[in-house]
Amino acid sequence: MATDKIPSARMIRAARGLLNMDQAKLGELVGVARRTIIRLEADETEPTNPRRIEVVEAIRDKLQEEHGVRFVYADTTTGEGVVMKRGR
């Protein structure tokens with residue numbers, strides 16, 4: 001994985017919206033229950049629990065590698081967001 005940054009709950013919801021993917025499908029994609037996705041998306045704090053970090057990293061990696069989502073992290077010139085990679 002090229003980045004070790006963790007997408008926020010808002011970014012995960014936006015990525016699902018971009019892909020027209022429901023919470024159950026995202027859970028299935030990364031091997032967790034829909035309830036886990038609901039909890040992750042509701043919590044706006046950065047995860048500290050190792051298992052939760054693992055799940056968020058799996059979401060990030062699957063959406064990037066298999067679905068062409070690019071997470072854009074906030075910096076001094078831009079806010080956070082999600083976009084589709086070119087050529088998709």
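Visitor: Before we zoom in, among contacts in the protein between residues at least 6 apart in sequence, what percentage join residues at least 24 apart? And after that, what can you tell me about helix H1?

Guide: Happy to, and keep in mind that this is a predicted model. For those contacts between residues at least 6 apart in sequence, the figure is 52%. As for the overall layout, the protein has four helices and two strands, and along the sequence they run α-α-α-α-β-β. The radius of gyration is 12 Å, close to the 12 Å that the globule rule gives for 88 residues, so the protein is as compact as a globular protein of that length.

Now for H1. Its buried residues are Ala9, Met11, Ile12, Ala15 and Arg16. These residues cover an arc of only 165° around the axis, which puts them on the same side of H1. What lies over them? The cover includes helix H2 (23–30), helix H3 (34–42), H4, strand S1 (69–72) and strand S2 (81–84).

The largest pocket has a volume of about 160 Å³. It is lined by 13 residues, and the closest to its centre are Ser8, Ala9, Thr45, Glu46 and Pro47. Helix H1 (9–19) and helix H4 (50–67) are the elements that each give two or more residues to that lining. By class, the lining has seven nonpolar, two polar and four charged residues.

Definitions and conventions
Residues are numbered from 1 along each chain as its sequence is written. This is a predicted model: local features need pLDDT of at least 70, side-chain atom pairs count only at pLDDT 80 or more; totals for chains, interfaces and linings use all residues. Side-chain values use heavy atoms; hydrogens and water are left out. On a 1 Å grid over the protein atoms alone, a cavity is a set of points where a 1.4 Å probe fits but cannot get out, and a pocket is an open set with protein on both sides within 12 Å along at least five of seven lines; lining residues have an atom within 4 Å of a point. Grid points are joined across faces, edges and corners, and a volume is the space filled by probe spheres set on the points. Ala, Val, Leu, Ile, Met, Phe, Trp, Tyr, Cys and Pro count as nonpolar, Asp, Glu, Lys and Arg as charged, and the others, Gly among them, as polar. Buried means under 20% relative accessible area, exposed over 50%, partly exposed in between (1.4 Å probe, protein chains only). The arc is that of the directions from the helix axis to the C-beta atoms. Contact means heavy atoms within 4.5 Å. The radius of gyration is taken over C-alpha atoms; the globule rule is 2.2 Å times the number of residues to the power 0.38.
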